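Subject: Structure handover

Hello,

Here is the structure I promised to pass on. My notes on what was found in it follow below.

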Amino acid sequence: MLTTASDHIADLAEFVTASPTSYHAAATVAERLREAGFEELDPRRPFDGVAGKRFVHRDGAVVAWVAPEELAEDAEFRIVGTHTDSPSFKVKPSSSIRSAGWSQVGVEIYGGPLLNSWLDRDLGIAGRLVTMDGEVHLVKSGPIARIPQLAIHLDRGVTEALKLDKQQHMQPIVAVDLQRPIVEYLAELVGVDAATVAYHDLYLFDTQRPAVIGAQEEFFASARLDNLSSTHAGLTALESLGEGRHVNLLVAFDHEEVGSATATGAGGPILQDVLERIAAGYGLKLDATRAMFARSSCISADSGHLVHPNYVGHHDPQNRPVPNAGPLLKINANQRYATDGVGAAIWLDACRRAEVPTQAFVSNNAMPCGSTIGPITATRLGITTVDVGIGLLSMHSAREMCGVKDAWYLARALEAYFTG
(Lines give C-alpha, C1' and ligand atoms only; values in the text may rest on other atoms or scores of the structure.)
Protein backbone atom coordinates (compact mmCIF):
# COMPACT_ATOMS: atom_id res chain seq x y z
CA MET A 1 0.00 0.00 0.00
CA LEU A 2 1.36 3.39 -1.01
CA THR A 3 1.78 5.54 2.09
CA THR A 4 0.86 9.02 0.80
CA ALA A 5 -1.82 10.45 -1.48
CA SER A 6 0.82 11.97 -3.76
CA ASP A 7 2.59 8.62 -4.19
CA HIS A 8 -0.73 6.92 -4.89
CA ILE A 9 -1.79 9.48 -7.51
CA ALA A 10 1.60 9.26 -9.26
CA ASP A 11 1.23 5.47 -9.42
CA LEU A 12 -2.34 5.85 -10.71
CA ALA A 13 -1.07 8.19 -13.44
CA GLU A 14 1.39 5.54 -14.62
CA PHE A 15 -1.30 2.85 -14.44
CA VAL A 16 -3.71 4.88 -16.59
CA THR A 17 -0.99 5.73 -19.11
CA ALA A 18 -0.12 2.05 -19.48
CA SER A 19 -3.80 1.12 -19.91
CA PRO A 20 -5.37 2.78 -22.98
CA THR A 21 -7.83 -0.12 -23.38
CA SER A 22 -9.36 -2.80 -21.18
CA TYR A 23 -6.93 -5.35 -22.64
CA HIS A 24 -3.95 -3.22 -21.65
CA ALA A 25 -5.44 -2.58 -18.20
CA ALA A 26 -5.91 -6.30 -17.54
CA ALA A 27 -2.39 -7.02 -18.80
CA THR A 28 -0.98 -4.29 -16.55
CA VAL A 29 -2.85 -5.71 -13.53
CA ALA A 30 -1.58 -9.20 -14.38
CA GLU A 31 2.02 -8.01 -14.65
CA ARG A 32 1.87 -6.23 -11.30
CA LEU A 33 0.35 -9.32 -9.68
CA ARG A 34 3.19 -11.46 -10.97
CA GLU A 35 5.70 -8.99 -9.58
CA ALA A 36 3.89 -9.21 -6.22
CA GLY A 37 4.27 -12.99 -6.14
CA PHE A 38 0.87 -14.08 -7.48
CA GLU A 39 0.71 -17.27 -9.54
CA GLU A 40 -1.31 -17.19 -12.77
CA LEU A 41 -3.71 -20.07 -13.31
CA ASP A 42 -5.00 -21.20 -16.70
CA PRO A 43 -8.83 -21.20 -16.61
CA ARG A 44 -8.80 -23.84 -19.38
CA ARG A 45 -7.17 -26.33 -17.02
CA PRO A 46 -8.11 -27.66 -13.56
CA PHE A 47 -6.69 -25.47 -10.81
CA ASP A 48 -3.68 -27.14 -9.19
CA GLY A 49 -4.45 -25.50 -5.86
CA VAL A 50 -6.32 -22.42 -4.72
CA ALA A 51 -4.56 -21.34 -1.51
CA GLY A 52 -2.06 -18.50 -1.48
CA LYS A 53 -1.82 -15.70 -4.07
CA ARG A 54 -3.36 -16.61 -7.41
CA PHE A 55 -5.08 -15.00 -10.38
CA VAL A 56 -6.84 -15.67 -13.68
CA HIS A 57 -6.44 -13.33 -16.67
CA ARG A 58 -8.85 -13.51 -19.58
CA ASP A 59 -9.06 -10.88 -22.33
CA GLY A 60 -9.86 -7.57 -20.59
CA ALA A 61 -10.69 -9.08 -17.20
CA VAL A 62 -8.74 -10.34 -14.18
CA VAL A 63 -9.79 -12.23 -11.04
CA ALA A 64 -7.11 -12.31 -8.32
CA TRP A 65 -7.25 -13.64 -4.79
CA VAL A 66 -5.36 -14.25 -1.56
CA ALA A 67 -6.59 -17.37 0.24
CA PRO A 68 -5.55 -19.15 3.46
CA GLU A 69 -3.98 -22.61 3.51
CA GLU A 70 -6.84 -23.92 5.65
CA LEU A 71 -10.39 -22.63 5.33
CA ALA A 72 -12.23 -21.86 8.57
CA GLU A 73 -15.85 -22.97 8.91
CA ASP A 74 -17.05 -19.37 8.98
CA ALA A 75 -14.77 -18.10 6.19
CA GLU A 76 -16.14 -15.61 3.66
CA PHE A 77 -15.39 -14.37 0.19
CA ARG A 78 -14.55 -10.67 0.45
CA ILE A 79 -14.78 -9.27 -3.04
CA VAL A 80 -13.87 -5.92 -4.57
CA GLY A 81 -15.45 -5.55 -8.00
CA THR A 82 -14.40 -2.98 -10.61
CA HIS A 83 -14.27 -2.68 -14.40
CA THR A 84 -11.46 -2.04 -16.87
CA ASP A 85 -13.30 -0.50 -19.83
CA SER A 86 -14.18 3.15 -20.49
CA PRO A 87 -16.37 4.92 -23.08
CA SER A 88 -14.53 5.31 -26.37
CA PHE A 89 -14.70 4.70 -30.13
CA LYS A 90 -14.05 1.26 -31.65
CA VAL A 91 -12.44 0.90 -35.06
CA LYS A 92 -14.78 -0.68 -37.59
CA PRO A 93 -13.90 -3.48 -40.01
CA SER A 94 -13.03 -2.15 -43.47
CA SER A 95 -12.22 1.06 -41.64
CA SER A 96 -10.50 3.09 -44.38
CA ILE A 97 -12.51 6.17 -45.41
CA ARG A 98 -11.71 8.71 -48.13
CA SER A 99 -13.53 12.05 -47.91
CA ALA A 100 -12.70 15.31 -49.71
CA GLY A 101 -9.05 14.35 -50.03
CA TRP A 102 -8.62 13.21 -46.42
CA SER A 103 -7.93 9.71 -45.08
CA GLN A 104 -10.10 8.78 -42.08
CA VAL A 105 -10.70 5.75 -39.89
CA GLY A 106 -14.24 4.52 -39.47
CA VAL A 107 -15.28 4.10 -35.85
CA GLU A 108 -18.43 3.23 -33.92
CA ILE A 109 -19.39 4.49 -30.47
CA TYR A 110 -18.43 2.30 -27.51
CA GLY A 111 -20.52 3.03 -24.42
CA GLY A 112 -21.68 6.57 -23.72
CA PRO A 113 -18.83 9.04 -24.22
CA LEU A 114 -19.35 12.79 -24.05
CA LEU A 115 -18.81 13.23 -27.78
CA ASN A 116 -17.81 16.90 -27.69
CA SER A 117 -14.96 16.15 -25.26
CA TRP A 118 -13.21 14.06 -27.91
CA LEU A 119 -13.02 16.90 -30.43
CA ASP A 120 -9.66 18.51 -31.23
CA ARG A 121 -7.65 16.05 -29.14
CA ASP A 122 -4.51 14.18 -30.13
CA LEU A 123 -5.73 10.61 -30.30
CA GLY A 124 -3.99 7.27 -30.50
CA ILE A 125 -5.28 3.85 -31.51
CA ALA A 126 -4.77 0.90 -29.18
CA GLY A 127 -6.11 -2.57 -28.52
CA ARG A 128 -5.28 -6.02 -29.79
CA LEU A 129 -4.50 -7.69 -33.08
CA VAL A 130 -5.39 -11.38 -33.29
CA THR A 131 -3.44 -13.41 -35.84
CA MET A 132 -4.67 -16.49 -37.68
CA ASP A 133 -2.86 -18.77 -35.22
CA GLY A 134 -4.91 -17.30 -32.34
CA GLU A 135 -2.07 -15.27 -30.85
CA VAL A 136 -3.02 -11.92 -29.31
CA HIS A 137 -0.75 -8.91 -29.81
CA LEU A 138 -1.40 -5.78 -27.76
CA VAL A 139 -0.69 -2.58 -29.67
CA LYS A 140 -0.60 1.11 -28.79
CA SER A 141 0.20 3.94 -31.20
CA GLY A 142 1.25 7.49 -30.54
CA PRO A 143 -0.93 10.50 -31.47
CA ILE A 144 -2.03 9.66 -35.02
CA ALA A 145 -5.70 10.70 -35.17
CA ARG A 146 -7.90 13.74 -34.56
CA ILE A 147 -11.62 14.56 -34.72
CA PRO A 148 -11.58 18.24 -35.76
CA GLN A 149 -14.35 20.71 -35.01
CA LEU A 150 -15.90 22.89 -37.68
CA ALA A 151 -14.61 26.45 -37.42
CA ILE A 152 -17.03 28.94 -35.84
CA HIS A 153 -16.90 31.00 -39.05
CA LEU A 154 -18.70 28.14 -40.81
CA ASP A 155 -21.27 27.56 -38.04
CA ARG A 156 -22.15 30.74 -36.18
CA GLY A 157 -24.71 28.95 -34.03
CA VAL A 158 -22.28 26.39 -32.60
CA THR A 159 -21.89 28.19 -29.27
CA GLU A 160 -25.65 27.96 -28.72
CA ALA A 161 -26.24 24.37 -29.81
CA LEU A 162 -23.54 21.90 -30.80
CA LYS A 163 -25.16 18.97 -32.59
CA LEU A 164 -22.93 16.01 -33.38
CA ASP A 165 -24.08 13.21 -35.64
CA LYS A 166 -22.39 10.02 -34.41
CA GLN A 167 -21.80 8.75 -37.94
CA GLN A 168 -21.11 11.94 -39.89
CA HIS A 169 -19.14 14.06 -37.42
CA MET A 170 -17.12 11.60 -35.30
CA GLN A 171 -14.82 9.89 -37.82
CA PRO A 172 -11.17 10.83 -37.07
CA ILE A 173 -8.66 11.97 -39.69
CA VAL A 174 -5.32 10.13 -39.79
CA ALA A 175 -3.63 11.44 -42.96
CA VAL A 176 -4.14 13.33 -46.20
CA ASP A 177 -3.51 10.26 -48.32
CA LEU A 178 -2.86 7.17 -46.23
CA GLN A 179 -0.88 4.72 -48.34
CA ARG A 180 -1.94 1.58 -46.45
CA PRO A 181 -4.72 0.40 -44.14
CA ILE A 182 -4.35 1.49 -40.53
CA VAL A 183 -4.14 -2.17 -39.43
CA GLU A 184 -0.96 -2.55 -41.45
CA TYR A 185 0.55 0.44 -39.68
CA LEU A 186 -0.36 -0.99 -36.26
CA ALA A 187 0.86 -4.49 -37.16
CA GLU A 188 4.24 -3.02 -38.04
CA LEU A 189 4.44 -1.41 -34.58
CA VAL A 190 4.34 -4.84 -32.91
CA GLY A 191 6.36 -6.70 -35.54
CA VAL A 192 3.49 -8.70 -36.99
CA ASP A 193 2.93 -9.46 -40.67
CA ALA A 194 -0.33 -7.67 -41.47
CA ALA A 195 -1.31 -10.52 -43.82
CA THR A 196 -1.53 -12.84 -40.78
CA VAL A 197 -3.93 -10.59 -38.83
CA ALA A 198 -7.31 -12.30 -38.68
CA TYR A 199 -9.16 -9.54 -36.83
CA HIS A 200 -8.73 -6.72 -34.35
CA ASP A 201 -10.29 -5.01 -31.32
CA LEU A 202 -9.01 -1.42 -31.58
CA TYR A 203 -10.09 1.78 -29.84
CA LEU A 204 -9.29 5.47 -29.87
CA PHE A 205 -7.67 6.94 -26.76
CA ASP A 206 -6.56 10.39 -25.67
CA THR A 207 -2.76 10.56 -25.63
CA GLN A 208 -2.52 13.47 -23.15
CA ARG A 209 -0.87 12.29 -19.93
CA PRO A 210 -2.63 12.60 -16.56
CA ALA A 211 -1.73 15.64 -14.45
CA VAL A 212 -2.15 17.08 -10.97
CA ILE A 213 -3.81 20.47 -11.46
CA GLY A 214 -5.42 23.33 -9.54
CA ALA A 215 -4.18 26.43 -7.74
CA GLN A 216 -3.43 24.24 -4.70
CA GLU A 217 -2.58 21.08 -6.68
CA GLU A 218 -5.58 19.27 -5.20
CA PHE A 219 -7.16 17.93 -8.42
CA PHE A 220 -6.19 15.09 -10.74
CA ALA A 221 -7.12 15.25 -14.44
CA SER A 222 -6.93 12.09 -16.51
CA ALA A 223 -8.58 9.88 -19.07
CA ARG A 224 -10.38 6.71 -17.96
CA LEU A 225 -10.74 7.49 -14.26
CA ASP A 226 -14.07 5.73 -14.75
CA ASN A 227 -13.08 3.13 -13.82
CA LEU A 228 -9.32 2.63 -13.72
CA SER A 229 -9.26 4.64 -10.48
CA SER A 230 -11.14 1.82 -8.73
CA THR A 231 -9.25 -0.97 -10.49
CA HIS A 232 -5.95 0.58 -9.39
CA ALA A 233 -7.21 1.11 -5.82
CA GLY A 234 -8.33 -2.52 -5.57
CA LEU A 235 -5.02 -3.71 -7.00
CA THR A 236 -2.92 -1.71 -4.55
CA ALA A 237 -5.07 -2.97 -1.68
CA LEU A 238 -4.64 -6.61 -2.74
CA GLU A 239 -1.08 -6.88 -4.06
CA SER A 240 0.65 -6.47 -0.68
CA LEU A 241 -1.98 -8.41 1.31
CA GLY A 242 -0.87 -11.28 3.53
CA GLU A 243 -2.77 -14.47 4.26
CA GLY A 244 -5.81 -13.92 6.44
CA ARG A 245 -8.87 -15.76 7.67
CA HIS A 246 -11.01 -15.12 4.59
CA VAL A 247 -10.64 -15.41 0.81
CA ASN A 248 -10.00 -11.88 -0.47
CA LEU A 249 -10.63 -11.24 -4.17
CA LEU A 250 -10.31 -8.47 -6.73
CA VAL A 251 -12.40 -8.93 -9.87
CA ALA A 252 -11.86 -6.41 -12.66
CA PHE A 253 -14.60 -7.04 -15.21
CA ASP A 254 -14.73 -5.84 -18.81
CA HIS A 255 -17.68 -4.38 -20.78
CA GLU A 256 -19.44 -2.53 -17.96
CA GLU A 257 -19.93 0.48 -20.23
CA VAL A 258 -21.98 -1.60 -22.68
CA GLY A 259 -24.11 -3.56 -20.22
CA SER A 260 -21.81 -6.30 -18.80
CA ALA A 261 -23.58 -9.11 -20.70
CA THR A 262 -20.42 -10.81 -22.00
CA ALA A 263 -18.16 -13.71 -21.05
CA THR A 264 -15.84 -11.33 -19.16
CA GLY A 265 -18.50 -8.89 -17.95
CA ALA A 266 -20.26 -8.87 -14.59
CA GLY A 267 -23.31 -10.47 -16.18
CA GLY A 268 -21.20 -13.39 -17.39
CA PRO A 269 -19.88 -16.45 -15.53
CA ILE A 270 -16.27 -15.43 -14.86
CA LEU A 271 -16.59 -14.51 -11.16
CA GLN A 272 -19.01 -17.29 -10.22
CA ASP A 273 -16.79 -19.77 -12.04
CA VAL A 274 -13.72 -18.73 -10.03
CA LEU A 275 -15.58 -18.64 -6.69
CA GLU A 276 -16.98 -22.14 -7.21
CA ARG A 277 -13.60 -23.50 -8.29
CA ILE A 278 -11.97 -21.99 -5.19
CA ALA A 279 -14.64 -23.57 -3.00
CA ALA A 280 -14.15 -26.91 -4.75
CA GLY A 281 -10.40 -26.59 -4.19
CA TYR A 282 -11.09 -26.62 -0.45
CA GLY A 283 -13.35 -29.66 -0.85
CA LEU A 284 -16.63 -27.78 -0.34
CA LYS A 285 -19.75 -29.35 -1.84
CA LEU A 286 -22.73 -27.41 -3.18
CA ASP A 287 -24.49 -26.74 0.13
CA ALA A 288 -21.30 -25.55 1.87
CA THR A 289 -20.40 -23.41 -1.14
CA ARG A 290 -23.78 -21.70 -1.13
CA ALA A 291 -23.50 -21.17 2.62
CA MET A 292 -20.16 -19.47 2.03
CA PHE A 293 -21.79 -17.24 -0.61
CA ALA A 294 -24.44 -16.28 1.95
CA ARG A 295 -21.73 -15.20 4.42
CA SER A 296 -19.83 -13.21 1.79
CA SER A 297 -19.88 -9.62 0.60
CA CYS A 298 -18.82 -7.50 -2.35
CA ILE A 299 -17.77 -3.87 -2.58
CA SER A 300 -18.64 -2.70 -6.07
CA ALA A 301 -16.17 0.13 -6.64
CA ASP A 302 -17.05 2.45 -9.51
CA SER A 303 -16.97 6.19 -9.99
CA GLY A 304 -19.66 8.61 -8.80
CA HIS A 305 -20.51 12.27 -9.30
CA LEU A 306 -19.17 15.31 -7.49
CA VAL A 307 -21.48 18.32 -7.26
CA HIS A 308 -20.93 20.51 -10.33
CA PRO A 309 -20.68 24.21 -9.33
CA ASN A 310 -22.18 25.37 -12.64
CA TYR A 311 -25.08 22.91 -12.57
CA VAL A 312 -26.06 22.60 -8.91
CA GLY A 313 -29.71 22.12 -9.89
CA HIS A 314 -28.84 18.73 -11.36
CA HIS A 315 -27.80 17.41 -7.94
CA ASP A 316 -29.66 16.45 -4.78
CA PRO A 317 -29.98 19.61 -2.67
CA GLN A 318 -28.90 17.91 0.59
CA ASN A 319 -26.20 15.49 -0.64
CA ARG A 320 -23.47 17.35 -2.54
CA PRO A 321 -20.14 15.52 -2.56
CA VAL A 322 -16.96 17.56 -3.01
CA PRO A 323 -13.40 16.46 -3.91
CA ASN A 324 -10.96 15.24 -1.25
CA ALA A 325 -13.71 14.63 1.30
CA GLY A 326 -13.64 10.88 0.79
CA PRO A 327 -15.07 8.26 -1.59
CA LEU A 328 -18.80 8.02 -2.08
CA LEU A 329 -21.34 5.61 -0.65
CA LYS A 330 -23.73 5.37 -3.62
CA ILE A 331 -27.43 4.97 -2.85
CA ASN A 332 -30.51 4.55 -5.06
CA ALA A 333 -33.98 3.53 -3.94
CA ASN A 334 -34.64 1.70 -7.22
CA GLN A 335 -31.49 -0.44 -6.82
CA ARG A 336 -29.55 1.10 -9.66
CA TYR A 337 -26.92 0.85 -6.95
CA ALA A 338 -26.98 -2.27 -4.76
CA THR A 339 -26.37 -0.47 -1.45
CA ASP A 340 -28.65 -1.33 1.48
CA GLY A 341 -28.30 -0.95 5.25
CA VAL A 342 -26.22 -4.11 5.68
CA GLY A 343 -23.84 -3.24 2.85
CA ALA A 344 -23.54 0.36 4.02
CA ALA A 345 -22.52 -0.86 7.48
CA ILE A 346 -19.73 -2.96 5.92
CA TRP A 347 -18.43 0.08 4.01
CA LEU A 348 -18.70 2.52 6.92
CA ASP A 349 -16.88 0.08 9.21
CA ALA A 350 -14.04 -0.24 6.66
CA CYS A 351 -13.76 3.56 6.41
CA ARG A 352 -13.75 3.88 10.20
CA ARG A 353 -10.95 1.36 10.59
CA ALA A 354 -8.96 2.93 7.74
CA GLU A 355 -9.54 6.39 9.24
CA VAL A 356 -10.74 7.82 5.94
CA PRO A 357 -13.77 10.07 5.36
CA THR A 358 -16.71 9.06 3.19
CA GLN A 359 -19.66 10.91 1.63
CA ALA A 360 -23.15 9.87 0.57
CA PHE A 361 -24.27 10.19 -3.03
CA VAL A 362 -27.91 10.05 -4.09
CA SER A 363 -29.38 11.41 -7.32
CA ASN A 364 -31.74 14.33 -7.69
CA ASN A 365 -35.22 12.78 -8.06
CA ALA A 366 -35.69 14.55 -11.40
CA MET A 367 -32.46 13.12 -12.85
CA PRO A 368 -31.86 9.58 -14.17
CA CYS A 369 -29.42 7.42 -12.23
CA GLY A 370 -26.71 5.32 -13.84
CA SER A 371 -25.87 1.83 -12.66
CA THR A 372 -22.83 -0.35 -12.01
CA ILE A 373 -21.70 -3.94 -11.70
CA GLY A 374 -23.13 -3.94 -8.16
CA PRO A 375 -26.77 -4.89 -8.87
CA ILE A 376 -25.63 -7.39 -11.51
CA THR A 377 -23.24 -9.11 -9.08
CA ALA A 378 -25.83 -9.16 -6.30
CA THR A 379 -28.46 -10.62 -8.63
CA ARG A 380 -26.17 -13.26 -10.11
CA LEU A 381 -24.56 -14.47 -6.88
CA GLY A 382 -26.93 -13.49 -4.06
CA ILE A 383 -24.03 -11.85 -2.23
CA THR A 384 -24.49 -8.73 -0.11
CA THR A 385 -23.17 -5.88 -2.26
CA VAL A 386 -22.50 -2.20 -1.63
CA ASP A 387 -21.76 0.42 -4.28
CA VAL A 388 -18.99 2.95 -3.64
CA GLY A 389 -16.42 4.94 -5.63
CA ILE A 390 -14.54 8.20 -5.89
CA GLY A 391 -16.36 11.30 -7.07
CA LEU A 392 -15.64 12.76 -10.51
CA LEU A 393 -16.41 15.82 -12.56
CA SER A 394 -16.93 15.30 -16.30
CA MET A 395 -17.67 11.58 -16.04
CA HIS A 396 -17.49 9.92 -19.49
CA SER A 397 -15.46 12.81 -20.85
CA ALA A 398 -12.23 12.11 -22.70
CA ARG A 399 -10.61 13.72 -19.64
CA GLU A 400 -12.21 13.42 -16.20
CA MET A 401 -11.26 14.99 -12.87
CA CYS A 402 -11.14 13.88 -9.23
CA GLY A 403 -9.59 14.96 -5.96
CA VAL A 404 -5.97 13.91 -5.37
CA LYS A 405 -6.73 12.38 -1.97
CA ASP A 406 -9.87 10.45 -2.85
CA ALA A 407 -8.24 7.64 -4.86
CA TRP A 408 -5.84 7.00 -1.96
CA TYR A 409 -8.70 7.09 0.54
CA LEU A 410 -10.50 4.45 -1.55
CA ALA A 411 -7.47 2.15 -1.61
CA ARG A 412 -7.06 2.43 2.16
CA ALA A 413 -10.73 1.66 2.78
CA LEU A 414 -10.56 -1.39 0.47
CA GLU A 415 -7.49 -2.67 2.31
CA ALA A 416 -9.33 -2.27 5.62
CA TYR A 417 -12.29 -4.20 4.17
CA PHE A 418 -9.97 -7.05 3.20
CA THR A 419 -8.16 -7.18 6.55
CA GLY A 420 -10.97 -6.39 8.99
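**Salt bridges**

Aspartate 122 has a relative accessible area of 45%, so this residue counts as partly exposed. Please keep in mind throughout that the model is predicted.

The partner of aspartate 122 in a salt bridge is arginine 146, with 3.3 Å between the closest N and O atoms. Aspartate 122 sits in the loop between strand S6 (102–110) and strand S7 (123–131), and arginine 146 in the loop between strand S8 (136–140) and strand S9 (173–175), so the pair ties together parts that are 24 residues apart in sequence. Arginine 146 is partly exposed as well, at 32% relative accessibility.

In one of them, arginine 54 meets glutamate 39, the closest N and O atoms being 3.5 Å apart. This pair links distant parts of the chain, since arginine 54 belongs to strand S2 (residues 52–58) and glutamate 39 to strand S1 (residues 39–40), 15 residues apart. Is arginine 54 buried or exposed? With a relative accessible area of 12%, arginine 54 is buried, whereas glutamate 39 is partly exposed at 35%.

The other bridge joins the side chains of arginine 34 and glutamate 31, at 3.2 Å from N to O. Both residues lie in helix H2 (residues 22–35), three residues apart, which is about one turn of the helix. Arginine 34 is partly exposed at 38% relative accessibility, and glutamate 31 is partly exposed with a relative accessible area of 38%.

**The sheet**

Nine strands form an open sheet with mixed pairing, in the order S1-S2-S3-S13-S4-S14-S18-S16-S17. S1 and strand S17 (359–362) stand at the edges with a single partner strand each, so one side of each has no neighbour in the sheet. Strand S16 (residues 328–331) and S17 run parallel and are joined by four bridges. Lysine 330 has phenylalanine 361 in S17 as its bridge partner.

Helix H4 (residues 225–239) lies across S2, strand S3 (61–67), strand S4 (77–83), strand S13 (247–253) and strand S14 (297–301). The helix runs at about 150° to S4.

In soluble globular proteins, nonpolar side chains tend to be buried together. The largest nonpolar core in this model has 52 residues, of which Leu33, Phe220, Leu238, Trp347, Val388 and Leu414 touch the most other members. Two or more residues of this core come from each of helix H1 (5–17), H2, S3, H4, S14, helix H7 (341–354), strand S18 (384–389) and helix H9 (404–419). H9 gives the largest share, eleven residues.

What is phenylalanine 220 in contact with, leaving aside its neighbours within four places in sequence? The list is Ile9, Leu12, Ala13, Pro210, Ala211, Val212, Leu225, Glu400, Met401, Cys402 and Val404. There is also a second, separate core of 29 residues, which includes Phe47, Val274, Phe293 and Ile383.

Regards

How values were computed. Residues are numbered from 1 along each chain as its sequence is written. This is a predicted model: local features need pLDDT of at least 70, side-chain atom pairs count only at pLDDT 80 or more; totals for chains, interfaces and linings use all residues. Side-chain values use heavy atoms; hydrogens and water are left out. A salt bridge is a side-chain nitrogen of Lys or Arg within 4 Å of a carboxyl oxygen of Asp or Glu. Buried means under 20% relative accessible area, exposed over 50%, partly exposed in between (1.4 Å probe, protein chains only). Two strands pair if DSSP finds at least two bridges between them. Contact means heavy atoms within 4.5 Å. Axes are lines fitted to C-alpha atoms, for helices over the stretch in contact, and angles run from 0 to 180 degrees between N-to-C directions. A nonpolar core is a set of buried Ala, Val, Leu, Ile, Met, Phe, Trp, Tyr and Cys residues joined through side-chain atoms within 4.5 Å.
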